[in-house]
Every structure is written in structure tokens, then in C-alpha cells.
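Reader: I am new to this structure. Please take me through it in short steps.

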Amino acid sequence: MLIGIDLGTTNSAVALWQNNESGGEAVLVPNALGALLTPSAVSVLPDGNTLVGAAALERMGLKDGATATSFKRLMGTDRKQKLGKKEFSAEELSALVLMSLRDDVTAHTGTRPTEAVITVPAYFNDRQRKATRRAGELAGLTVRRLINEPTAAALAFGLQDKEEREPFLVFDLGGGTFDVSIVEMFEGIVEVRASAGDNRLGGDDFNSAIATAVRGRLDPDGLLGKIDERRAEALLLQAAERTKRGLSEGQEAEFALTIGGTRLSTAVTASEFEAQAEGLIRRLRDPVVRALRDSQIDAASLSEVVLVGGATRMPLVRKAITRLFGRFPNSSVHPDHAVALGAAIQGGLIARDGGLEEIRITDVCPFTLGIETAEHSARGTVQQGLFSPIIERNTPVPVSRSGVFSTMGDGQKQIEVKIYQGEAREVSGNVHLGQLKVPVPPRPAGEVAIDVRFSYDSSGLLEVDVEVPLTGAKHNLVIIDEEDRKASNDLDARRKALAALKQHPREEATNQMLLARAERCYEEFLGDVRAVVGDRTRMFVTALDSQDPRRIADAAADLSGLLDMLEANPPL
Amino acid sequence: MTPTQAWRILGIAKTPELGAIRRAYAERLKAMDIDKDVDGYARLREARDAALRWARMQAKPAMKDAPDALAGVADLDEAEPDRALESLPESETSSWLYAAPAARGEADPSLTTRLGDTAPKLDVTTGFSAAQAPAEQAIGVGRDPFARPVLLGLEATSDAVMPAWAHEQALHRLLYVEEPQDDEDATPPPLEGWQEAMALGHLKAVLRHAETVSVTAFDEIDNWLARVLAGAWPRSAPLLEPAAAVFGWESERGQVSERPSVAFLNARLRGLRFREKVLEPKHPLHKAWVELTTPAQQGSRKGWFVKRADVEQLLAGVRKNFPEIEHHFDPWRVALWDKPEGAGTGEGWFSKTRLWIFAAILVFQILRYALADWTPEASNPPPPVALSSSEIAEDGKAIQGALDRIFGPEITLEGLKSLQPDLAALFSANRTIARSDGSDAAGYAAKVHDLVRERMYATALVEKGPLLADVQRVRADLLRAARKVGGAQCMALIRTRRLDPQVVVPEAVLSAERKLAVRMLDASQLGPPARIAPGTVSVPGALVDKVMTLSGVPEDRVRKAMDGKGSDADQCAVTIALIDAALAWKGKEREAVLLVL
């Protein structure tokens with residue numbers, strides 16, 4: 001079975017294509033808690049078991065929380081996060097989320113999925129894409145295709161009514177990444193004209209902005225400075241997230257958190273938030289301008305501006321979008337669901353399921369690809385480390401282009417072709433993808449030329465062919481970076497290591513969630529209240545041990561009732 | 001791709017109907033596996049785009065409003081290659097406005113590009129057309145801003161009183177000086193205090209407006225302002241920071257797609273900031289900055305209180321990172337500090353000469369002191385700088401040898417001293433240096449010969465006329481001789497004005513050179529060389545043809561070589577051929593070409 005997965009910074013979702021009498025449709029699969037969204041959070045319990053999703057998120061602010069979130073931002077880097085006794089890379093954490101989604105589908109349909117289409121931000125670079133692919137493989141899924149998030153959203157949007165569409169713009173502001181794509185639909189063709197983005201901008205940054213703004217006045221006694229830094233940050237960011245949601249509904253919201261029984265709180269107004277987020281709002285414009293420029297489309301001639309991603313719910317962001325485009329955006333697709341649904345549709349297309357009349361998607365490569373070169377500068381010195389583009393950004397893929405380069409030194413015996421991806425004129429500002437050494441016959445400088453051909457296919461795989469016309473020698477390189485090489489050796493070992501991590505049984509998810517929540521409340525409150533929470537939690541644990549379903553249900557209702565009440569009216 | 005090919009690939013008959021083209025494209029696309037047939041896919045897309053362009057062009061005459069005119073420009077350029085070629089140089093020059101002071105007083109060409117060439121021509125008096133400003137405003141207010149002179153910046157600029165386009169216009173008028181300039185190269189004066197305040201006011205209004213409009217309009221204002229500020233540089237300097245902050249120009253820095261005008265402004269922005277910082281006395285390189293910016297005169301010395309390392313760091317740093325602020329330095333002062341190893345570039349040879357002259361003066365002084373201190377007491381060892389009589393005789397011989405080689409036997413050092421004293425000093429000083437280097441008489445002669453050749457060449461560039469032709473004729477012969485050894489040696493002579501020691505110059509050339517040198521010496525034309533500035537010239541096609549015949553290099557390589565690219569051998573051959581061809585040329589470009597070679 002082939003599933004579609006939206007692996008998000010904040011939330012993830014899984015969907016599948018289902019045939020029915022009216023043709024077919026993409027449907028989201030609920031998780032063990034019955035929710036369609038699973039927070040992208042992983043927590044390691046003191047007993048070594050791992051928790052994924054809402055329960056993990058609950059543990060984030062605990063003393064020994066050992067919870068990781070927003071790890072999508074670290075994809076493609078070597079950074080590891082320590083949870084409990086173990087260290088995890090971003091791709092391993094992502095794999096744990098993918099495994100949990102996979103199990104949700106297994107529970108829902110009774111069949112274990114083996115293949116997946118996973119979405120990535122359009123502006124993810126090659127390394128980040130490879131890391132995502134590896135995460136899929138670590139989770140035991142064959143990744144049939146990586147599809148760009150705005151493209152997936154466009155598919156979901158376009159298939160709502162299957163109408164022809166003049167170019168429209170997908171504005172995808174997620175938890176950690178921002179993408180803009182310009183898409184056109186006609187005659188069953190979904191054509192992405194241009195994509196641009198900022199893979200360091202998302203809802204998380206708005207949370208940080210709020211947290212930075214209030215920290216001083218929230219905590220005059222420096223209580224936050226006395227606890228573990230990571231925990232303080234987790235508490236602040238969680239509170240900021242609540243405030244942000246509050247501000248989506250009203251002009252003022254409370255920013256509150258509790259440490260060791262002390263409740264800190266302050267009010268944040270919408271205008272204060274707006275002032276604080278001004279820099280972030282300004283960063284939204286750049287990718288939009290770039291995408292419009294690259295596709296040579298006037299903002300006025302866009303047929304729609306489609307909003308995707310949870311962060312587009314913020315009134316602040318909507319206001320900015322309305323101003324940018326001089327019109328109200330279209331919110332007819334569910335900002336959190338569209339991407340996963342689009343991935344499922346793509347999955348249906350790959351599996352050539354009936355019910356999906358033939359649709360073709362053509363995408364672009366949003367980054368410039370090229371090689372490192374050197375040249376003689378005006379002062380007679382040699383300037384090294386320059387970037388010579390071969391495939392310009394926003395070229396339709398698949399594409400094959402070549403460039404001719406020649407030797408710089410007399411008697412040069414080899415040319416080192418270093419491949420980079422990015423927009424900077426100097427390679428130091430770009431992402432290194434790989435390199436190959438090409439031996440050439442020693443001749444005076446400039447007399448040996450090589451022909452470098454880049455072939456980029458529709459799933460984002462780059463192949464480099466170098467030919468030396470003088471000798472007729474041909475060299476080929478399929479870009480595999482360091483991590484990939486390492487990974488192919490120990491992918492199996494890592495997969496086994498991950499599988500060996502005990503995951504909490506699915507059927508216990510609700511109870512785990514409740515326990516985590518109780519634990520959090522226990523840490524937040526003091527005195528009598530704390531004693532009551534502790535008491536009820538113990539009763540619940542005893543009920544769990546008894547394995548009597550009725551007793552468990554009663555105790556759970558009891559405990560969650562108490563927690564609901566406490567959270568609704570926090571005792572000061 | 002020709003239109004016929006496009007229709008054939010799409011498999012339909014020529015049609016202006018967009019829907020039919022898209023349908024045909026979709027059918028073909030679905031029938032192919034694009035991953036297996038990458039080239040086929042590229043061809044199909046190209047065909048579709050060409051067909052759509054053609055179809056839109058058919059539809060265009062019907063609608064003539066501004067946005068379509070804009071879209072039309074792109075269409076025309078691509079659909080009709082001939083026309084695109086013709087119009088290209090035009091748009092090129094207009095995007096490089098700051099390189100073309102001739103544009104002053106006329107309509108701002110950047111506005112033309114902002115509008116697109118097919119937009120109604122600009123009203124020269126206003127610099128704006130109806131399409132430029134929002135239509136209703138332009139019509140309501142009228143096209144002639146002189147009708148409301150009060151609005152042009154003399155009053156408080158409030159949005160209510162003045163529409164955004166009027167701010168743009170006022171800004172433009174402040175930045176571009178209207179009075180005709182006699183001297184094309186003269187930089188416009190900086191903004192006076194009141195002008196600066198007004199310009200900033202208008203700029204703020206323009207920026208405020210930009211922040212409230214849609215992305216497309218924002219992008220247009222961004223492009224327009226970048227060109228206007230770049231074009232009016234350095235007059236526009238005070239406006240750069242606020243504009244860059246709003247449009248995020250610096251985030252574009254170093255990108256492949258950085259717009260030329262933005263690249264120009266970014267370079268200046270960084271230079272401005274660095275200069276501001278270094279002007280503060282606390283800056284570690286402040287003293288070095290003051291030293292290098294103080295004008296030097298003949299006989300000036302380096303400042304005493306500056307660390308050599310600081311000056312070198314500043315000089316290297318500025319040259320590497322902010323070349324555009326090097327003009328603040330005094331060239332003579334820089335020459336005092338510049339390392340001799342800096343040779344090999346246009347400025348390097350110049351500073352090297354200066355250094356040698358200073359070395360000469362120093363050595364003379366040391367000698368004088370040495371002689372004054374020297375007493376005939378036998379017990380005292382002679383000071384280390386004193387020369388034995390045999391050494392003095394050897395020096396005399398070496399100098400005369402060099403003079404023989406360069407001017408012929410009739411010129412002696414004494415004679416040279418009376419005719420051109422600084423050149424004579426140069427000869428002596430270099431002899432001293434040569435001795436300390438351990439280089440032989442031949443090496444010394446070659447070195448001073450290079451220096452004399454440099455002076456001949458520099459003077460010829462200033463004197464022009466027949467002298468320039470004579471010097472270039474000799475130079476072509478020298479280059480030919482150098483080429484026999486190799487292209488690299490030939491290019492070294494062109495670039496560094498040093499003749500490689502392996503090069504054997506035929507006696508005939510040497511004697512012609514000698515005659516010319518004596519002639520110039522008699523006319524006192526061998527004084528310290530003026531600075532040789534690199535220049536450009538457009539070479540007439542007929543001359544290029546001649547160069548191709550003379551050099552035997554094919555056209556594309558000739559063009560490359562003229563651009564300073566291509567192999568050394570080509571560049572050398574082309575330079576020689578160009579000198580020969582220009583010398584035989586009767587056209588008016590003759591001198592201009594000879595001047596840049």
C-alpha cells in the first residue's frame with residue numbers, strides 16, 4: 001500500500017487514496033487519539049520507551065521531559081539531540097514520527113503500508129531532501145517520491161473542483177518553513193511555474209518573537225534563569241504558542257506559564273505582537289517577489305492566492321498577504337490537511353489507481369545548480385571559489401544542461417569538478433553536493449576543455465556527466481553525499497536500532513497522553529492541588545495495572561475531569 | 001525554434017486559440033514519459049511557449065492597456081529574434097544608467113525600462129507618463145508638474161497633498177542635476193543640506209508608499225529606485241541606507257541573480273559603512289586611513305607614527321573588499337607604501353618606479369653622510385657603504401653599457417644628467433640596487449631598458465600624434481620578438497611592461513628604438529611617466545576583418561581576445577595585428593585604437 005505523508009515541522013499527517021463509487025478521494029487517517037494531526041514531537045520516557053505525538057508534546061516542559069520538537073529544522077545536518085540516555089539525529093526522530101503514522105494506517109486499514117510519498121518544503125535543498133528520504137527508509141517505508149509541499153497543496157486545491165485555472169499562487173507558511181509556488185492547471189496538467197522560499201521562516205519564529213518580547217516583564221525575579229535552560233525555553237515557547245492562538249481570536253491574549261507552583265503571566269496585545277513580528281512579516285515578501293519575477297507573472301493576474309500551513313491562520317499574516325496581493329486570499333483548502341491529501345493524490349497517481357483520470361504534474365527545480373570555477377581578476381590575481389551555474393533556478397524538471405570549462409594552469413593534470421547548489425556567487429555560500437576528479441592530458445592553460453552535463457530528474461536526483469572532448473573520456477557521478485555513503489553502510493543497523501526502541505503500545509496512547517498531562521500539571525502546581533493531582537494519578541496508574549477496562553475508564557474520566565477543571569480555572 | 005517547428009511538434013495547425021495550444025500540449029505530454037525523454041520534454045515546452053507567445057501577440061492589438069504592454073515586451077523579444085537583438089543594446093544601456101552621464105537632462109531612461117519600450121513615450125518635461133502613475137491620479141492632477149510648483153518639495157510633504165508619483169518625480173529632479181555639463185566626466189555636486197533634507201523627505205514618502213502597495217508595484221518601485229540611486233551616484237549617497245533597508249538589497253548581495261544596479265549600490269553601501277567606521281579615531285586602522293588620504297607631494301615621506309602592518313592591512317583590505325573607496329586615497333601616498341611586489345598591474349609598475357626613485361635619494365644621502373664621517377685614519381675600517389674604486393669603475397662600465405644599449409654610444413651618464421636628471425638618478429640608483437641584488441650588467445641593462453620603454457610609452461600616450469605611431473610601431477616589433485619565445489612572454493610585456501630576458505630583440509628593432517629614444521630624450525620627453533589609465537574603444541568592423549587576415553585567428557577568438565579573454569597566444573597575435581592594422585588605417589579611429597593598445 002502507498003500512503004501520502006506530510007512530515008511537518010509542528011504537525012504531521014498521513015492520508016491515503018481510496019477508490020469509491022464516485023471515483024475516488026484522498027482521506028486522512030486518524031491517529032490513536034482520533035486526531036488527524038500528529039504533533040511532530042518525540043519523547044523518551046525514563047524507562048527508555050519512546051512516545052510520539054501529543055503525549056510527547058505534553059512532556060516537553062517537564063523537568064526530565066526529554067522531548068524533541070521542530071527537528072525538521074535540523075534535517076540534513078549532523079546535529080544530534082540527546083533525549084534521556086540516547087542521542088538522535090533529526091532523520092531518526094523523523095523516522096520515529098513516520099513509524100507512528102505508518103502504524104496508524106495499519107491500525108486503520110488492517111494492512112501495513114510499505115511505500116510512501118513524503119512531502120518536503122519546495123525550498124529544501126538536496127541534503128535536506130536526502131535526509132528526508134533516509135528517514136522514510138529508516139521507518140521501513142520505500143519512498144516512491146518526494147513531492148514539494150506547495151505542489152501537493154496545489155493538487156489538493158485543484159482537484160476540489162477539477163476546473164481549469166489560470167496561474168495561482170500557493171502561499172505555504174508552516175511551522176518552520178515558508179514556500180511560495182506559482183501553479184497553473186489546464187487539461188489535467190498541473191504545472192508549477194516557479195517556486196521560492198525561506199527554509200528558516202515559520203510559525204516557530206513568531207512564537208520566539210512573542211517569547212522574546214515578554215520575557216523581561218514576565219519574569220522580573222529571574223525564576224526562569226534558575227531552571228534548566230532547555231526547559232525554560234520549552235515553557236516559554238509553549239506559552240507563546242498558546243498566546244499566538246489567543247491572538248488569532250482577540251485583540252489581547254494572556255501569556256502565562258507556571259514553574260514550581262508560581263504562575264507568571266502578562267498580557268500581550270495584537271499591536272504589540274505586530275510590532276514585534278514586523279521583521280518576520282517583511283521576510284514574507286522576498287520569496288513572493290522572486291517567484292513572480294522568475295515566472296514573469298504579474299501579481300494582479302494571479303487567479304487566486306491559496307493559503308496553506310498552520311501559520312497562515314494568524315490574522316497578522318493574513319493582513320500582510322492581503323496587502324501584498326491587493327486582494328483577499330483563498331482559504332478554501334484546509335491549511336493543515338491539504339499537503340497530506342495532495343501527497344495521497346500523488347500516491348494514487350503513481351499507483352495508477354482507477355478513479356483518478358490521468359493527471360500530470362510538472363515541477364521546477366527551485367535552486368540553481370552549478371560547479372566551482374576560478375577566474376583571473378582585474379588585478380591579475382586568481383579568484384577562486386566562484387560559482388558557475390549550469391541549471392538556473394526554476395527550470396522545469398526533468399532537465400539536462402551542459403557547460404564548457406577549461407583548465408587554468410599550464411600542464412594541469414586533472415580538473416576537480418565540485419558540484420554546488422544555491423544562489424550565491426561564491427561557492428562558500430552554497431551547499432556542496434559532491435565532487436569528481438577528471439584526469440586531463442597536460443597542456444598549456446586553457447587548451448583543455450571539459451564538457452559538464454547536469455541531468456536533474458523529476459524526483460530531484462542529480463546526475464553529472466563530464467566529457468573530455470580531447471581524449472573522449474567520459475566520467476559519471478550520481479550525486480551521493482557523505483551522509484548517503486555512510487548511510488548505505490549502516491542504514492540496516494540504524495533501522496534495527498530504531499526498531500529495537502520500545503514504543504508505547506498504540507492502544508495505550510490515550511492513557512499515555514493523560515499520564516503525561518497529569519505529570520505536567522503535577523509540576524505546574526504546588527501544595528494541596530499538587531497533592532490532589534498526585535493522588536488521582538496514582539489511582540489511575542493502579543487502575544492501569546489492574547488491566548480492568550472498566551476501572552481504567554473510570555479512573556481516566558476522573559483524572560481528566562480534574563485536569564480539565566484545573567486548567568480551565570488555574571488556582572493562583 | 002521557428003514557429004513552423006513549434007506547430008509541428010505540437011501537432012496542430014497554426015491557431016491563435018490559447019486553449020487549443022494547451023490541449024495539444026497536454027495530449028503530447030501525457031503521451032510521453034518525461035523522465036525518459038528529457039530533450040523531447042524540453043522541445044515540447046519550448047514549442048508550447050513559442051506557440052502561446054505567437055497566439056498572445058495575435059490577440060494583443062485588441063487590448064492596449066499598460067499591463068499588457070508590459071507583457072508584450074517580453075513576448076516581442078522572444079518571438080522575433082531580429083527585433084530582440086536590435087532592442088537589446090538599448091535596454092542594456094538604460095539599465096546601466098550610471099555609466100551614461102549623457103542621459104542627464106533627458107528623460108530618465110530607467111523609467112522607460114520600468115514602463116517597457118512599447119509604453120507611450122515619456123513626456124520629457126515631466127519624466128513621467130500616464131501609465132507610470134496610477135491612471136486616475138495622472139489624469140486628475142494633470143501631466144505637467146510645473147502647474148503646481150508648490151508641491152515640488154518646498155512644502156511639508158504629506159501624502160494627502162502629494163500623490164506618491166509626485167514624490168518619485170521630485171526625488172528624481174533633486175538627484176539629477178539639470179544644468180548642462182560641459183565636462184562629461186565631471187561628477188555632479190553632492191546634495192546641499194536643504195536638498196538632502198528634501199530628498200530624504202521624498203524618499204521616505206516613496207518608501208512608505210512602497211510598503212503599502214502590492215508586490216508587483218513594490219517590485220517596480222524597487223527596480224526603479226535602485227536604478228535612480230545608482231545613476232545619481234555619488235549624489236544619492238545619503239539616500240542609500242534607508243532605501244536599502246526597506247527593499248532588503250543587502251540580502252541580494254553575492255547572489256547569482258543580484259541585479260546590476262543593486263550590486264553597484266551594495267558595493268557602495270559597504271564602502272560607505274567601512275569609511276564611516278574608519279573615520280572614527282577609535283578604529284584600529286584610523287591612523288593608517290589618515291596617512292593614506294593625506295595628499296603627498298614630491299619629496300614627501302611616509303608618516304612616522306603609522307605602523308607599516310596597519311597600512312598594508314588597510315590597503316589590501318580596501319582593494320579586496322571595497323575597491324570603490326580606494327579613490328579616497330592619495331595615489332602618491334599609496335605609491336610610497338605600496339610593496340614593490342605589487343607590480344604586475346596597472347598601478348604596480350607605477351609605484352615601483354617611485355620606490356626606486358626614493359631608494360636612489362636614500363642611497364645618495366647615506367653616501368653623503370658616509371663621506372662626511374669618513375676620516376683618513378688608517379685604524380678605522382671603511383664604512384660598509386663605501387665602494388672600492390674597482391667597483392666604481394665596474395658600475396661606470398655597467399651604466400655605460402646600458403646607455404649604449406638604450407640610446408647608443410653618444411649618450412653618457414653625464415650627458416643624461418644634463419638632459420634628464422631624474423632619469424640619470426634612476427640609472428645610478430638601479431645600479432646600486434642591482435649590485436646589492438647581485439644581478440649582472442645585462443640584467444641591470446634590461447631593467448633600466450624596461451623603465452625607459454615605459455617612459456616612452458607613457459609619453460606617447462600623452463603626446464599622441466606621430467610620436468604615438470612611432471612608439472607603437474616599435475612596440476609591435478618587440479611583441480613580435482617576444483612571441484617567438486611564447487605567448488606568455490608576449491602577454492607579460494603587454495600586461496607588466498617587462499620584457500622577458502629570454503627574448504632576443506633583432507638589432508634592426510633595437511637601432512630603430514635607439515633613434516626614437518634619443519629623439520625623445522632631446523625633446524625632454526622622457527620625464528617621469530604619467531599614470532596609464534586603462535581605456536576602451538570600439539573597433540570598426542573593417543579593422544576587425546584586417547586583424548583576422550593579419551593574425552589568421554578566426555572571428556570568435558578575435559572577439560574574445562579583444563575582450564581580454566582567450567589564450568595568451570591569441571591575445572598576443574590579435575594585439576600585434578591590431579597595432580599593425582591600426583597603423584595602416586586611415587580612419588578616424590586610428591588614434592583612439594592606438595591609445596588603448
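Reader: In which hand does α1(B) pass α3(B)?
Author: This is a predicted model, in which local features need pLDDT of at least 70, side-chain atom pairs count only at pLDDT 80 or more, and totals for chains, interfaces and linings use all residues. Residues are numbered from 1 along each chain as its sequence is written, while chains are lettered from A and ligands numbered from 1 in the order in which they are written. A crossing is left-handed if the near helix is turned anticlockwise from the far one by less than a right angle, and right-handed if clockwise. For α1(B) passing α3(B), the crossing is left-handed.

Reader: At what angle do helix α1 of chain B and α3(B) pack?
Author: Helices (H or I, at least four residues) and strands (E, at least two) are DSSP runs, numbered from the N terminus. Axes are lines fitted to C-alpha atoms, for helices over the stretch in contact, and angles run from 0 to 180 degrees between N-to-C directions. Helix α1 covers residues 3-10 of chain B, and its axis and that of α3(B) are 8 Å apart. The packing angle is about 120 degrees.

Reader: How many nonpolar residues does the contact of α1(B) with α3(B) have?
Author: Two residues are in contact if their C-beta atoms, placed from the backbone, lie within 7 Å. α1(B) gives B:Pro3, B:Gln5, B:Ala6, B:Trp7, B:Ile9 and B:Leu10, and α3(B) gives residues including B:Leu44, B:Ala47 and B:Trp54. Ala, Val, Leu, Ile, Met, Phe, Trp, Tyr, Cys and Pro count as nonpolar, Asp, Glu, Lys and Arg as charged, and the others, Gly among them, as polar. Beside 1 polar and 2 charged residues, the nonpolar ones number 10.

Reader: Why is α24(B) oblique to α26(B)?
Author: Helix α24 (residues 541-551) and helix α26 (residues 568-584) of chain B pack with their axes 8 Å apart, at about 120 degrees. That angle makes α24(B) oblique to α26(B). Angles under 35 degrees count as roughly parallel, over 145 as roughly antiparallel, 65 to 115 as roughly perpendicular and the rest as oblique. The reason is therefore the angle of about 120 degrees.

Reader: In which hand does α24(B) pass α26(B), and how many charged residues does their contact have?
Author: α24(B) passes α26(B) in a right-handed crossing. Among the residues in contact are B:Leu543 and B:Lys546 of α24(B) and B:Ala573 and B:Asp580 of α26(B). The contact has 9 nonpolar residues and 1 polar one, and its charged residues number 2.

Reader: What does chain B contain, and what share of it is buried?
Author: Chain B has 27 helices and 0 strands. A residue is buried if 20 or more other C-beta atoms lie within 10 Å of its own, exposed if 12 or fewer, and partly exposed in between; C-beta atoms are placed from the backbone. Of the 597 residues of chain B, the buried share is 32%.

Reader: What share of chain A is buried?
Author: Chain A has 15 helices and 27 strands. It holds 572 residues, and the share that counts as buried is 47%.

Reader: Which elements of chain B give two or more residues to the side that touches chain A?
Author: The contact takes 29 residues from chain B and 39 from chain A. By class, the chain B side has 10 nonpolar, 11 polar and 8 charged residues. The elements are α2 (18-31), α3 (38-59), α4 (66-79) and α10 (215-231) of chain B.

Reader: Which residue of β20(A) is the bridge partner of A:Thr373?
Author: Strand β19 (residues 369-376) of chain A pairs with β20(A) in the antiparallel sense over 7 bridges. In β20(A), the partner of A:Thr373 is A:Leu386.

Reader: Are the residues on both faces of β17(A) buried or exposed?
Author: Strand β12 (residues 165-173) of chain A runs parallel to β17(A), joined by 4 bridges. A:Phe171 stands opposite A:Leu307. A:Val305 and A:Leu307 on one side of β17(A), and A:Val306 and A:Val308 on the other, are all buried.

Terms used. Two strands pair if DSSP finds at least two bridges between them.
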